[in-house]
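Subject: Structure for you to look over

Dear colleague,

Please read the notes with the structure open beside them.

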Amino acid sequence: MNPSQTKISAATPLPGYTMMNQAPGINLVSTGPAKNEISGDYGFSLKLTDAVSYAPIGGPKVVDGYPGSPTKVYKFNKEDAAKADEYGVWIRNAGLYNGRSVDVKFLVDSMDVKPNADNKGANPEFQFFAVDAKDRDKKTDATVSPDGSQGTWSMAYFQTGSGYIDHYVYYSFGDKINFHYEFYYNDTNEKLPLKGSWNYNNLNGLKTTTTTFAEPDFKNYFVMDNTKISYKVENGLLEMSSSDDYALNVPEIQLTQLFEKEQIPISMAYNPADYNGAMAILYSTESLTRIAPATPIVYGQRNSTDHTDPAYKELKYSILQGVADNRKENRNDKVIIDTEVPDFYDITDVKIVEYGTTIDKTNLFTPSITGSKLTLTSKDSTSDAFNGSLFDIQITAKPNSKFKFDRTDYGYVNDAANLDDNGFMLFELGGSKTKTTYTYNNLAKPTNELQSQVVKGQSVSQVLYEGIPYGTAKTDVTIPMGGNIATAFPNPKDLLESYDVDTDNDIDRPVTVSYKNGTPPSINAAQPGDVIPVELIMTSAKGIEMPITVNITVTQVMFELDIEHLDAETGAVIGTTNPLPSGEKDVEYTATSQPIAGYIPTAVLVDGVDKTPSVLTDPLTVTAKFVTNKKVTFKYTKLRTPVITADFEVNHTTAPLGGQVEYTAKLQNTAETPSKWRNVSYKVDTAFPEKITPDVTSITVNGVAVAAGKAVFNETTREFSIDLGDLDQTQVIIKYKVIIAPDAALQVLKQTYTVSGDEGSKQSNETSLNVIAGESQLTVKYMKKDGNNNDVKMDPDYDNTTTEKDGTAFDIELKTFDGYVLDKIVVDGTPITGTLPSSIKGKYGEVSVIEFHYKGTLLITSSPDLLDFEMQEASAKKLRVESAKTDKDLVVTDTRSTKQRWYLYAKVTEDFKTTDGSNKTLSGILRYNDGGINEKKFPVNQNQLLTSPDNFSETQYNISQSWTAGGKGFKVEVPSDYVKQLGEYRAKIVYTLSEVPDLP
């Protein structure tokens, strides 16, 4: 913008208006180059792209822009505009804001129009021009451009009001249309406060254009210094017009407004009174003042192609670079866009189009690509083709020789819960990776840099990476001369030490291993010592193959040793050794028996000769030589099923509270040899009651303390078990102590245990332990809350503790304390619910502690039943009695733990009436003096405040103590005209104590 005001227009303002170039704070724009600029943040403008579409709201009439045209004109009428429903049109994808597509809702609010002869006696319609992108370069056949040439339909984008040829609408003086625009994000339909510039065109004298104005000055408005626009501000509205009726599409009647709001309200009113004519507002993309380029916006793209596609692993993204539509002299002298990808990628392709269209604008830049870096330099940034563009720069990069997959450095996601990104490499391309540098030589600082933003979920490119198998070949693999690799190694994976995929991701697993071409090479001609390379193929779950070679050395001829496993009683084969061991002649081999369910090895023979050791072991082993020995035979005897005994006893069977007893468990496998009983555990079947607990430190098995961790007592489930491991046929004696807490329940504890192992289990006999009573204490407490809300003893202190035989009955009655009420009763830590009883009954040994909790109250603890104003002699003058006799004091007691201000009220519920039944009444004669200037009067059933002490920290307040004749207290005042109503009168007063003021 140019602050110079050397060229002030001599245009004459309209009556009652002021020239816009005289507005306070207005930004004046001259025809020369601007010396300042507006941030590109205000560079938002409405763009007619291929994505623009329209949808009517409320049923306007729709006609073609021209016969057969995709462009439509929405026509709105007065009657439908008056309805409560919305009436307008949605313009979808109308522009781009912060990298997100924006929808605009155009709504007609009201139409104050009237019929005129030029419209054939009908009300004029109001029109919105829904220009289709396919018509952007077609002529409108109307003179809309400054030089008188035909304009294109693109100039009618967002035009409202009268239009061209068939869409000419006549308005008459005073016709007024109110409408507004609202802005929404296209993807969420969320309303947004849009920040940008609104370029008004056609603010000529045919109409008055009005919008809201709530600003202190015009610092956000720009006009030409020779503007013809007049304005006035009234009632929060900015009205604009011109003395030039027919000026059209020229800078002198254009205005640029910077805004940040959710909607823009506008109204048009037709001005000429002597003829009917057109009025319209055109939207201009060109700002009157200079607007800097926008911050570049990076959009990462998702490449999901797999390894079978030529585009696999390509990195793709786009940069949106907005260049504001500036006047020729305000355009950028140079624009340079720099971007780079990771150095293990090379940029291979760059294409530039106008955003939302297929219009190729690549030739407007000179590209320079150096490996992973791209620089785009504008050829002529002052050209019309470059100006006002929103460049969509589409970039493709391919992996280069530096590409060496690394899960961390390549941002690889291995997370099955992340369905979107699992299996993808993530590359951030925003921030310092992408920036725009522009030069405008008329600025104090001509060259400026705009760095793109890092936007979560937007500026990151996602590239699918399918894991590559890898493996480690085994070494020292051999095969006898004349052998067959496929036979010796039917599963090729057995030739690998390990194998996996480089992603460590289950989506690429499992990896399968196969021989290349399906079969391994033949070794028929190989000699001992030859090394045979065997090629394997590792294949991932995604079908990616990776070769690996295993070297197999040919050895001398190998001889097998036959090994058999037989039932000792029947001779039946009960096991096999596969594959059979093989080796060179006279090489020793150690054969080993096998673990066979239900059997135990009891003999071993070599070529029929008994080689059974004197001491049997499991497993059995024996040494044989290849060729010298032909067969090793292991014989197995079937294990006998365990025969289990399980005895249980407790010493003593009766125990007092606070005592302890010892339990003894005896168990044994008494089956004939051989018999095994493995993984044996001891478990007490009945969970221990609360406060009766086994002492795990006292456990012995056959006199030996059990190892740590073998015995487990679960404090939650109170289950008790011991891990005994594998047992032979020796008797097992388990001893442990059980401790009875002094406060345990009286009961008879009956228990059994189950001893179980792999081969069998047994439940013991039942033991019985009688838990008998001792003596117990009972503590009774009386509690209240102190000022810190802590429980403290009542005053006086009645707490006491007594001791009696368990089972002795007790009956504890409640105590009363002045100013306190019972709040709750807690028995052994558990509050009593529901209505509180008047006493607590129970037995010693069943209850330990009883707590009575009292809470302080605010209450009237004393009030006079009688205020006696005594017999008074009638007089011709008014009668006043200054005091009354009382039978009791009026006392308020406050024992609350947290004291707060209180309020004492009184009200007369029955006015003074005679006691003889004559029903004579003295109304309104009661007064109360609280020490203030005015005494309180007592209309029937209306509360009057007697007192609310400023010092409310005391416990007791005697209100009546301060009543005196001629001072505070109740009075009666009988007017002189009541003198003849002799008799005895009585009234009723109700006192109310409240914690809140203003009692009604």
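In this predicted model, Tyr 682 sits opposite Ile 722 of strand E55, and on its other pairing it stands opposite Val 755 of strand E58. The strand behind both pairings is E51, residues 677-684, which runs antiparallel to E55 (residues 720-727) and is joined to it by five bridges. With E58, residues 753-757, E51 pairs over four bridges, again in the antiparallel sense.

The hairpin of E44 and E45 has two residues between the strands, and in it Asp 607 takes a positive phi near 50 degrees.

Is Thr 439 buried or exposed? Its relative accessible area is 16%, and because buried means under 20%, Thr 439 counts as buried. Leaving aside residues up to four places away in sequence, Thr 439 touches Asn 332, Asp 333 and Lys 334, as well as Pro 446 and Thr 447.

I then turned to the empty space in the model. Rolling a probe the size of a water molecule over the atoms shows where such space is left. The largest pocket has a volume of about 1200 Å³. Its lining is made up of 34 residues, and those that lie nearest its centre are Ser 154, Met 155, Thr 285, Glu 286 and Asp 325. By residue class, the lining of the largest pocket divides into 10 nonpolar, 14 polar and 10 charged residues.

The second largest pocket has a volume of about 920 Å³, and of the 33 residues that line it, Phe 869, Glu 870, Phe 912, Tyr 985 and Arg 986 are the closest to its centre. Strands E70 (867-868), E71 (879-881), E74 (903-914), E80 (969-974) and E81 (985-994) each supply at least two residues of this lining, with the largest share, six residues, coming from E81. The lining of the second largest pocket divides into 21 nonpolar, four polar and eight charged residues.

Finally, the structure holds one cavity of 30 Å³ or more, and about 50 Å³ of space lies in the largest cavity. The largest cavity is lined by Phe 158, Thr 160, Tyr 181, Trp 198, Asn 199, Tyr 200, Ile 266, Ile 281, Leu 282 and Tyr 283. The elements that give two or more residues to this lining are strand E13 (194-201) and strand E20 (280-283). The residues of the lining of the largest cavity divide into eight nonpolar, two polar and no charged.

With best wishes

How values were computed
Residues are numbered from 1 along each chain as its sequence is written. This is a predicted model: local features need pLDDT of at least 70, side-chain atom pairs count only at pLDDT 80 or more; totals for chains, interfaces and linings use all residues. Side-chain values use heavy atoms; hydrogens and water are left out. On a 1 Å grid over the protein atoms alone, a cavity is a set of points where a 1.4 Å probe fits but cannot get out, and a pocket is an open set with protein on both sides within 12 Å along at least five of seven lines; lining residues have an atom within 4 Å of a point. Grid points are joined across faces, edges and corners, and a volume is the space filled by probe spheres set on the points. Ala, Val, Leu, Ile, Met, Phe, Trp, Tyr, Cys and Pro count as nonpolar, Asp, Glu, Lys and Arg as charged, and the others, Gly among them, as polar. Two strands pair if DSSP finds at least two bridges between them. Buried means under 20% relative accessible area, exposed over 50%, partly exposed in between (1.4 Å probe, protein chains only). Contact means heavy atoms within 4.5 Å.
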